[in-house]
Amino acid sequence: MSVTIEMGRGPGGEAVTLDLEELLATRLLVQGNSGSGKSHLLRRLLEESAGYVQQIVVDPEGDFVSLGDGFGHAAIEAAAYSTAEIARMAARVREHRASVVLNLEGLEMDAQMRCAAGFLSALFDAPREHWYPALVVVDEAQVFAPAAAGEVSDEARRTSLGAMTNLMCRGRKRGLAGIIATQRLAKLAKNVAAEASNFLMGRTFLDIDMARAADLLGMERRQAEQIRDLRRGEFLALGPALSRRPLNVRIGEVRTQARSGSPKLVPLPAMGEVPDLFAALHDAPPAPPPPPPPPPPVEAVLHTIEKNETAAAPTLPDLDAEERKAVAQRALAGLVADLGAAPPPLPELYQDFQLRCRMLGLKDSGLDLAGFRRRLAMARAGIDGDEDGWGPALALGATLPEDSLTLFLTIARAARDGRACPSESELAQIYGTASLGRLRRVVAAMEAQDVLVSRTDLSGRRSVSIPALGWTTAPTEEASEPVAARRR
C-alpha cells in the first residue's frame with residue numbers, strides 16, 4: 001500500500017511528495033554544506049512519517065531528541081551506558097518496533113563510532129521474526145562511514161564502516177531503510193553512498209562535491225553549477241520515491257525544534273554597561289555548577305522502549321467492536337488482493353496491515369503477530385473473518401509448520417464445502433512456490449502426521465480427507481499427478 005508524505009513545494013508551488021513504501025526499498029542520501037538545511041529536512045521527513053513507520057535516529061549532536069516531545073520517540077543517552085547495554089536496547093527496539101533517538105552527544109568521535117557500530121549491528125542481527133520495516137536515519141554519516149582514515153583508531157573505523165555498509169547494502173531484506181545525511185560527499189565512503197537510489201542534494205561549493213552530486217543526479221558537469229545557487233532549505237530531489245527528473249524543492253515547516261539552532265545577531269551592550277573585566281581576578285573561583293541528574297537505569301529505558309508510546313499519525317476516532325472488526329477485515333482483504341506471486345516476509349506484511357488499518361481510520365487492529373498470521377492464512381484461503389466453526393481446523397493447523405497453514409486451510413475449506421480440491425498448480429501458487437515437487441513434499445509431510453489422507457477410487461477419481469474433522473473433498477478426475485504424493 002502506497003503512503004506519500006509532503007516534503008515541501010516545487011518551483012511552481014506544487015506539492016513535492018515522498019513515497020514511503022518506495023523509500024523503504026530504495027534508501028535515501030541527503031547532502032549539503034553546514035547551514036544548508038539538512039537537519040531541517042530530516043526533521044520534516046521524520047515528523048511527517050511518524051505513526052506510519054518505525055523510526056530509528058543515530059544523532060551525533062543531540063538535535064533530534066526533541067522529537068520525543070511531540071511524537072513519542074524514546075531518547076537513549078549513549079554516554080551513560082556500556083556497549084553491551086546499547087546492544088540490548090537495540091535488540092529491544094527491533095522487537096517492540098519503538099521509535100528511538102540514539103543521542104551520541106558528549107562522546108568523543110572514537111566512542112561515537114564504536115557506539116553507533118554496536119547499535120546498528122544489533123539492529124542488523126535481530127532475529128527474522130523482528131524484521132519489521134524501519135527508517136534508520138544517520139546524521140553526519142561521514143563520521144561513521146569515512147572515505148579515508150582519520151584521527152580515530154583503525155578498529156573503530158573498520159567496525160563503524162562495516163555496520164554502515166551492512167545498513168545500506170544488506171539492510172533492505174531485514175526491513176532497515178537507511179537514510180544518511182552528510183556535509184560532504186567526498187568524505188563519505190563511496191560503497192555506502194552508492195547504495196542509495198534517492199537523493200536530496202543541497203547547497204555545496206567545492207568542485208569535487210559538486211561533481212559527485214552531479215554524477216549521482218545524472219547531470220552534466222556544467223549543470224552542476226546550479227547546486228551553488230540553492231538557498232538554505234532548498235534541495236534537488238531525484239529518485240523513485242521522489243521524482244524521475246531532478247526537481248527543486250523547498251522543504252516545508254516543522255513542528256518541533258532542535259535544542260541548538262543557527263546563530264542569530266543580538267544587539268551589543270551599550271557603552272558603560274560592560275563590567276570591569278579585570279576586577280576581582282584573585283577572588284575565590286565561583287562555585288562549580290550542580291552536577292547533571294543521573295541517567296535513568298537501563299531497565300527504565302528498556303521499559304520505555306517496550307511501552308512504545310509513539311504518536312500516531314492522524315487523530316483517529318474510537319470505533320466500536322463491530323466497526324473495528326469490519327475495518328480490519330477490509331484492510332486484510334485489500335492486503336491479500338495486492339499480494340503477488342512471492343509475498344514479502346510476514347513482519348513486513350504485518351506492518352503493511354497495520355498501516356492499512358490506520359489509513360481506514362482504525363488506530364489499533366487488536367491483532368498481534370500470531371493473530372495476524374492466523375487471520376492472513378484464513379483470508380488467503382477464502383475464509384471470512386469469522387473464526388466461529390473453524391476452531392478445530394485452526395487448532396489442527398497450529399500443529400503444522402507456519403508456512404503450511406494457508407495451504408492446509410485452503411484444502412480444509414474445499415473439504416468442508418464438499419468441493420473438489422484445488423489443483424496442484426493452484427496449491428503451489430498459494431504456498432508460494434513454482435515447484436510441484438516441493439508442494440508434494442509439503443503435502444506428504446501432512447499425510448505423515450495423519451492430518452491429510454488422499455485416496456483414489458477404482459474409477460480414478462481422487463479426493464483428500466481430514467480425518468480429525470471428518471471432512472472430505474469431492475472426488476475429481478485430473479490428468480495431473482495427485483495433490484498428495486501417493487503412499488507407497
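Mentor: One definition before we start: two strands pair if DSSP finds at least two bridges between them. Strands (E, at least two residues) and helices (H or I, at least four) are DSSP runs, numbered from the N terminus.
Trainee: Okay. Which residue stands opposite R250 in β11?
Mentor: R9 does. Strand β1 (residues 4-9) pairs with strand β11 (residues 243-251) over 2 bridges, in the antiparallel sense.
Trainee: And what kind of model is this?
Mentor: A predicted one, where local features need pLDDT of at least 70, side-chain atom pairs count only at pLDDT 80 or more, and totals for chains, interfaces and linings use all residues. Residues are numbered from 1 along each chain as its sequence is written, and side-chain values use heavy atoms, with hydrogens and water left out.
Trainee: What order do the strands take in the sheet of 11?
Mentor: β2-β1-β11-β10-β9-β3-β8-β7-β4-β6-β5. That sheet is open, with mixed pairing.
Trainee: Why is one side of β2 and of β5 left without a neighbour?
Mentor: β2 (15-19) and β5 (74-77) stand at the edges with a single partner strand each, so one side of each has no neighbour in the sheet.
Trainee: Helices now. At what angle do α5 and α7 cross?
Mentor: Roughly 35°, and the axes of α5 (residues 109-124) and α7 (residues 154-170) come within 8 Å. Axes are lines fitted to C-alpha atoms, for helices over the stretch in contact (heavy atoms within 4.5 Å). Angles run from 0 to 180 degrees between N-to-C directions.
Trainee: Which residues of α5 meet α7?
Mentor: Among them are M113, A117 and F124. On the α7 side, A163 and L167 are included.
Trainee: Next, α12: how many of its residues are buried?
Mentor: 10 of 14. Buried means under 20% relative accessible area, with a 1.4 Å probe and protein chains only. Among the buried ones are L349, Y350 and F353.
Trainee: What do they pack against?
Mentor: α1 (20-26), β4 (54-59), α11 (321-338) and α13 (369-380).
Trainee: And what comes just after α12?
Mentor: G361, with a positive phi of about 100°.

Definitions and conventions: Buried means under 20% relative accessible area, exposed over 50%, partly exposed in between (1.4 Å probe, protein chains only).
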